[in-house]
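Dear colleague,

Please find the structure below for your records.

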Amino acid sequence: MKLSAMLGSIRQNKPLIHHITNYVTVNDCANITLCIGASPVMSHALEEVEEMVGHAGALVLNIGTLDPYQATSMLLAGQAANNLDIPVIVDPVGAGATSYRTDFMQRLIEELEISVMKGNAGEIGVLAGADAHVRGVDSGDVNGDLHRITQNFAHDSGITIVMSGATDIVSNGRQIITIKNGHPMMGRISGTGCMATSVIASFVAVSRNTAEASAAALAAFGIAGERAAAVTSGPGAFKSALFDQLSHLTPAELATDAKIREL
Amino acid sequence: MKLSAMLGSIRQNKPLIHHITNYVTVNDCANITLCIGASPVMSHALEEVEEMVGHAGALVLNIGTLDPYQATSMLLAGQAANNLDIPVIVDPVGAGATSYRTDFMQRLIEELEISVMKGNAGEIGVLAGADAHVRGVDSGDVNGDLHRITQNFAHDSGITIVMSGATDIVSNGRQIITIKNGHPMMGRISGTGCMATSVIASFVAVSRNTAEASAAALAAFGIAGERAAAVTSGPGAFKSALFDQLSHLTPAELATDAKIREL
Amino acid sequence: MKLSAMLGSIRQNKPLIHHITNYVTVNDCANITLCIGASPVMSHALEEVEEMVGHAGALVLNIGTLDPYQATSMLLAGQAANNLDIPVIVDPVGAGATSYRTDFMQRLIEELEISVMKGNAGEIGVLAGADAHVRGVDSGDVNGDLHRITQNFAHDSGITIVMSGATDIVSNGRQIITIKNGHPMMGRISGTGCMATSVIASFVAVSRNTAEASAAALAAFGIAGERAAAVTSGPGAFKSALFDQLSHLTPAELATDAKIREL
């Protein structure tokens, strides 16, 4: 499916994106999901997550403020999504910073069929078993060839892996795709990583080519970031403009401005 | 009480609005409560909700991200509010999307004396027993005469019912009041439904004519939405302007610009 | 350390600020921490708080929406921070409004070594045993000499006490420092109190003179508020500008515009 067709399909079908996510950036995730044209719902009660995910086009699991109740909820919702063939998109926020997060991510990888996992270099590096270091929830460091780490991890896990950074890298184990959209201001506000995951989920909900859908999502979000940075000069104004610009982005503009390259 | 007098009274008395609400839009609810002139407090610990609600002019129960702890907390706070004759305002976010939410709302209706319940057509339709459909937390569909559904539900339950929409409908079982303020941009950001409930609670805290207070609140919030849309062109800027415009709205302007009609 | 050196050090070292905080203003705390130049992380799971705080330059405990799980988490993280000599900054939101909050604060004071406690006049007054009254989470009232109450409480507790207000008062028991930066608009939005605490933690992370670091933080945040108010006319725009202005504030400007006075 073409980039423009994917964005057009989100806006036409308004897929419901079920989030089990952290309490820091949850509002940003809800709003960015609306801006791309999808519909957010947040729900974590064990009594309802299986039923709720049945309405969804994709399920986002984000461990930014993981706790045991939420962990149980994620496993329950994830299994229900798997049974219903609803794609599961995972954001391993802070994996590597604590063994609790790292261990839970490994459990998710073992017990669920995950469509896409998106993290920064440190998070993906830790989970890939590379020589990586993570301090908090900001980007950590990883030593080695980032393309290779991403591709090997995707190949071994069967998950489409997205390693975010100045250049985003996407691999499904065979293809390696790079996306050069985006702006450094996106690292100056809280939540852009989480929002990117919500946008990826919105694209994956309408296109099961998870690598292409992820690349399209990152391009769309990155273009919005570029445009927002061009018209603002501080993080508060930038964040507001980021929502505006993603909302205004047309399918044709996405196709024109995306800097996606398959290696 | 006149519209202008109600808004003047909120700004003079700054009633405390105790919220037990979802983690998605809670910050928006806090800020919109400040903008209308009241004072927000959020508290859900079983150890304190009864004491906290004793300070309040109204209690908001919003089930947007309901879980069992919060459900217990809502029942406890609601009963304390009932004992103290403090009005309880309920927002049945996502009722109909899962049986957990629908069942809990029916329990709230049975066990508490609720002053006002505000939902979209799908949520109110489901709870009224009409032919309704709800997918997530966006507006669902309902078949039938919306005025009649709202009025009958209010009559049978003894609750003032607000069905939000392009035209909002308020009924206490006898009166039917419509409010034609608002703007489609309000549906393009997360949280306007929840914020409307906080504004209703602020008005009900100063005027026990719950139908008139609800209508006044919806007019005030809708006027702010109209004005915000007139000066912005995207959801990020619109949201910021919505707070500004409600904050600037004077009692006299509310009286002039409200499009409230009793049928 | 000079004011300018402290801000320079935050921006160079980007200390990690571990927050266990309320769900109302958590996003604001994350963003303001980034704006001052530090790095936020939020984490409350009992399984990881001890490990997470080990990465941190300071720990923020904010009881704005305290519940029993969070209370346990705060004690665990606080003890770990104490063992590692990582400063603990406490915001007693709503202390005095319910005995649950007051009692928990007294337990924190007894069981932890707290570096700085920052509250409004009502909260600090209640905890100091003064004649104070608190209704919700807005500023309560206290009778008596505010300088004396702050100094005596600091002296008796061994904690650097910050009583926020039109003029902020800081005391470590010996010194009394006043800070006259800030703007009334800061009371018109939710979260400025919580944000101030995050900024204090960022300064304390780079300077163990807790009284001077707290004063510097309040000056920086207050200057940003003054500048934001000068360029906006409503709470929505003000909040966005507050982030921008703190982000733009240079060490040299902080030194020039700070209105800090030691009595």
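**Relation between the chains**

The copies use different surfaces, as 12% of the contact residues of chain B recur in chain A; two residues are in contact if their C-beta atoms, placed from the backbone, lie within 7 Å.

This is a predicted model, in which local features need pLDDT of at least 70 and side-chain atom pairs count only at pLDDT 80 or more, while totals for chains, interfaces and linings use all residues. Residues are numbered from 1 along each chain as its sequence is written, and chains are lettered from A and ligands numbered from 1 in the order in which they are written.

Chain C is superposed on chain A by a rotation of 120° with 0.0 Å of shift along its axis (RMSD 0.0 Å). That is the relation of a three-fold axis. Within chain C, Tyr23(C) comes closest to the rotation axis, at 3.7 Å (C-alpha). Only 11% of the interface residues of chain C are also interface residues in chain A, so these copies meet through different surfaces.

Yours sincerely

How values were computed
Least-squares fit on C-alpha atoms with pLDDT ≥ 70 in both.
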